[in-house]
Amino acid sequence: MQEIINGLAVGGIYGLLAVAFSVVYGVLGMVNFAFGEIFMFGAFGALVAGQTNSVIAGNSVDGAALPSWLAILIGLLLGSIIGWLIERIAYRPLRTAPILSMLITAIAVSMLLRAIATFLFGAAQVPVPRAELGAPVEFLGARVQRIDLVVLAVAVLVTLAFWAVIRFTPIGRAIRATAEDKDAARLMGIGVDRVISTTFVLGSAMAAVAGLLYSQRYGFAAATMGFIPGLKALVAAVLGGIGSIPGAFVGGLVLGVSEELAAAYVPQGSAYRDVIAFGILVIILWLRPQGLLGRREVQKV
């Protein structure tokens, strides 16, 4: 039970980031590798906004020491702005280019953002003050850290809210129409460029939330903190069925629980937890290529 609860908390973070990957893939048919770095900038944005003093590019800078809720909003806003700029500057000019060009650009943008973060915040881990939530809770024989409960609850609520936006609002219908057929969406009067930008903003906000939760759970932020979680979130998106919001989140939960159980019960499992995650991906792609909740697509030729 202890490992399952830990896995659900970690999986909730993977799930949020996987939803970001999934919704952008559904609209553009590409993987935005830069979500891992937006994940990181969301954490740093909240950290810098909430501190009285920060070291940026080797210089000590007075911080605003904003209240926690406002610092969190700053982190979300920073992540969303970065996502919007990436789509506008890097991806929009390549909209009609071969998919390989967009893939290479996505990798380059990810590396560029990581380099900028290393220059601004350094390569070392930066401690993040953790919220004081009280003593652990006893549950079915397990000692549950309150931060894990908060992480899982926030992840579930944010994902449900995001799903509701996509399912029931006008912009959500526009996003689904654009994902279905961009040309038909244009004929129906939908501003496809605006919809794609909105999709990147929403996905980037999800990634920033995931980064904030990650930094609170583990107590640090670092320029490279988004690389491995980003890859695992991509695994989770494929595992659940890329393009499916519920599938991506469920894939994150399954991956998180599998990692924790393997680390606990497989000999030297902690050293191979990343291998286990990607091993699960290989098995799922072999047995069910469309993912756990994905639909098999048939293209007419």
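The following questions and answers explain the terms applied to this predicted model.

Q: Why are strands β1 and β2 said to pair?
A: Two strands pair if at least two bridges are found between them. Four bridges join β1 (residues 53-56) to β2 (residues 59-62), so the two strands meet that condition.

Q: What lies between β1 and β2 in the hairpin, and where is A57?
A: Two residues separate the strands of the hairpin. A57 is placed in the loop between β1 and β2, and its phi in the turn is positive, about 55°.

Q: How do you know that the span of helix α1 agrees with its number of residues?
A: Helix α1 (residues 2-28) has 27 residues, and at 1.5 Å a residue it should span 39 Å. The C-alpha atoms at its ends are 39 Å apart, so the two values agree. After α1 comes G29, which has a positive phi near 70°.

Q: What makes α1 largely enclosed by the rest of the structure?
A: A residue is buried if its relative accessible area is under 20%. Of the 27 residues of α1, 21 are buried, and the helix is therefore largely enclosed.

Q: Why is the contact of E87 with R92 called a salt bridge?
A: The limit for a side-chain nitrogen of Lys or Arg and a carboxyl oxygen of Asp or Glu is 4 Å. The closest N and O atoms of E87 and R92 are 3.3 Å apart, so the pair qualifies. E87 is also buried, because its relative accessibility is 0%. Together with R95 and D193, E87 and R92 are linked in a network of salt bridges. The whole structure holds eight salt bridges.

Q: How do you know that D183 and R186 are separated by about one helical turn?
A: The two residues are three apart in helix α7 (residues 182-187), which means a separation of about one helical turn. D183 is exposed because its relative accessible area is 54%, whereas R186, at 43%, is partly exposed.

Q: What makes the salt bridge of K232 and E259 a link between distant parts of the chain?
A: The side chains meet at 2.9 Å, N to O. K232 is in helix α9 (residues 227-240) and E259 is in helix α10 (residues 245-265), 27 residues apart. K232 counts as buried because its relative accessibility is 4%, and E259 counts as buried because its value is 1%.

Q: Which residues and helices line the second largest pocket?
A: This pocket has a volume of about 580 Å³. Of its 24 lining residues, S68, I72, P129, L212 and Q216 are the closest to its centre. Helices α2, α3, α5 and α8 each supply at least two lining residues, and α8 gives the most, with five.

Q: How do the lining residues of the second largest pocket divide into nonpolar, polar and charged?
A: The lining has 18 nonpolar residues, five polar residues and one charged residue.

Conventions. Residues numbered from 1 in each chain as written. Predicted model: local features only at pLDDT ≥ 70, side-chain atom pairs only at ≥ 80, totals over all residues. Heavy atoms only, no water. Expected span 1.5 Å × (residues − 1). Buried < 20%, exposed > 50% of the residue type's maximum accessible area, 1.4 Å probe, protein only. 1 Å grid on protein atoms, 1.4 Å probe; cavity = no way out; pocket = protein on both sides within 12 Å on 5 of 7 lines; lining within 4 Å. Points joined across faces, edges and corners; volume = space filled by probe spheres on them. Nonpolar A, V, L, I, M, F, W, Y, C, P; charged D, E, K, R; others polar.
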